[in-house]
Amino acid sequence: MKILVIGAGPAGLMAAYAARKNGAEVIVYEKMERVLRKFLITGKGRCNLTNAAPIDQFIENTMGNPNFLYSAFYTFTNEQVMEFFREQGVALKVERGNRVFPESDKSQTLADALLKACIDSGIKVRTRTPIQSLWIEEGKIRGAEDQKGNRIPADRVILATGGKSYPATGSTGDGYHMAKAADHTIVHPLPALVAFKTDDSWNPELAGLSLKNVSLITKAKKKKEYFGDLLFTHDGISGPVVLTAGRNLIQEGVVRENGEFKGVSFWIDLKPALSKEKLDRRILRDFEAFHLKQLKTVMKEMLPQALIPIVIEKSGLDPEIAVHQIDKKQREALVETLKALPIQGRGLKGFKEAIITVGGISVKEVDPSTMASKKVDGLYIAGEVLDVDALTGGFNLQIAFSTGYLAGLSASEK
Ligand SMILES: Cc1cc2nc3c(=O)[nH]c(=O)nc-3n(C[C@H](O)[C@H](O)[C@H](O)COP(=O)(O)OP(=O)(O)OC[C@H]3O[C@@H](n4cnc5c(N)ncnc54)[C@H](O)[C@@H]3O)c2cc1C
């Protein structure tokens with residue numbers, strides 16, 4: 001049984017490993033000069049390879065087609081991923097939120113281990129060899145064709161070319177074209193787990209400012225609130241709350257095909273731990289303690305410097321007013337702004353800096369128990385090229401490992 005794997009990312013290499021273990025002859029084609037380019041930059045170069053939570057939480061954290069992933073998650077679990085790397089001699093550790101990292105804090109340690117396991121088991125890996133198209137005859141896979149037009153024969157092919165995000169790493173959406181040519185449906189790909197572009201004139205002044213424990217409020221059909229850390233960039237906002245909110249907005253169907261938001265309002269609650277009443281009492285205490293001081297000075301007790309002029313202006317107050325002159329109505333306006341600072345969110349930033357791609361090859365045309373294409377006999381599909389994705393926390397790499405392993409195992413069955 002000869003198996004050709006297209007793409008040497010985590011899904012492709014894990015597929016190759018599983019197929020080889022099952023006795024197949026395996027060759028992996030990778031278009032870049034090196035394998036695992038994206039994998040190396042994951043988790044800011046530390047690689048959050050999986051999560052130590054029970055499998056049902058993987059389903060909960062999966063946003064795109066969680067039910068499709070049941071078999072894959074249970075066939076090759078997070079425990080098995082950890083065991084695989086430990087068997088290769090890599091020590092692992094669990095951090096906040098059950099996130100699993102290598103003890104070395106270097107993704108390179110894991111990349112070296114995965115590649116070595118593949119090479120040692122007899123898998124051939126050809127880099128700098130982009131695959132152009134699938135070779136299909138009468139609905140059956142015959143192999144694939146490289147860019148020079150050379151036909152590479154194979155009994156089974158595993159397509160694991162990744163999505164469209166961070167194209168500099170090699171994931172440029174090639175798999176979508178190959179699958180489409182093979183009669184597969186492609187769910188429109190969108191960049192996700194990515195920063196927002198905003199239209200606020202004050203953004204450049206706030207660039208680099210990081211807010212801890214705030215909440216981002218979104219209102220499309222319903223109001224939703226995301227609690228955590230938020231970062232201002234020169235042209236927008238980023239940070240964990242923004243990434244999660246953006247993915248949920250795609251789910252709500254309020255992101256256009258070009259990534260722009262349709263009919264969504266945004267606010268930041270700068271004091272989510274305090275109700276309006278408690279916040280008002282807190283402000284009153286500050287005003288009484290510093291009653292002769294100017295508002296812009298007293299606000300330093302409550303906000304980072306860069307935000308003070310913006311909050312005061314949005315509240316319609318004079319920054320130089322002595323706080324003892326501020327009446328109840330003005331104080332209420334201040335509370336309103338602190339609890340809901342309006343932000344002009346325009347849309348998701350692009351694929352260039354997106355962590356994942358939402359959309360891809362429709363899972364309706366793939367058998368969830370084998371990862372086999374329902375359109376082409378002998379074609380298997382794994383990883384981010386499929387219309388599956390999850391939130392941050394190591395869940396996306398687990399999807400790549402689990403679907404890759406299952407595809408490799410099934411493709412190598414006689
Ligand atoms: C900055 C960043 C940080 C991330 N951090 C994390 C994290 O900490 N934890 C986590 O779980 N997830 C993280 N992710 C997401 C994770 O990296 C992906 O979900 C995962 O890499 C998908 O694996 P894959 O094998 O399906 O695709 P990829 O990793 O994209 O691999 C696909 C491979 O196919 C190759 N290829 C493409 N087209 C062709 C072709 N025509 N011929 C031959 N080869 C081809 C590509 O060059 C590439 O090597 C992060 C992503 C980014 C961008």
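Predicted model: local features only at pLDDT ≥ 70, side-chain atom pairs only at ≥ 80, totals over all residues.
Residues are numbered from 1 along each chain as its sequence is written, and side-chain values use heavy atoms, with hydrogens and water left out. Helices (H or I, at least four residues) and strands (E, at least two) are DSSP runs numbered from the N terminus.

Val28 has Val125 as its bridge partner in β7. Both strands belong to an open sheet of five strands, ordered β7-β2-β1-β11-β21 with parallel pairing. Because β7 (124-126) and β21 (379-381) each have a single partner strand, they stand at the edges, and one side of each is left without a neighbour in the sheet. From one strand to the next, the twist averages 20°.

Helix α1 (residues 10-21) packs on the sheet, touching β1 (2-6), β2 and β11 (156-159), and its direction makes about 170° with that of β2; axes are lines fitted to C-alpha atoms, for helices over the stretch in contact (heavy atoms within 4.5 Å), and angles run from 0 to 180 degrees between N-to-C directions. Helix α14 (residues 395-411) also packs on the sheet, where α14 touches β1, β11 and β21 and has a direction at about 175° to that of β11.

Definitions and conventions: Pairing = 2+ DSSP bridges.
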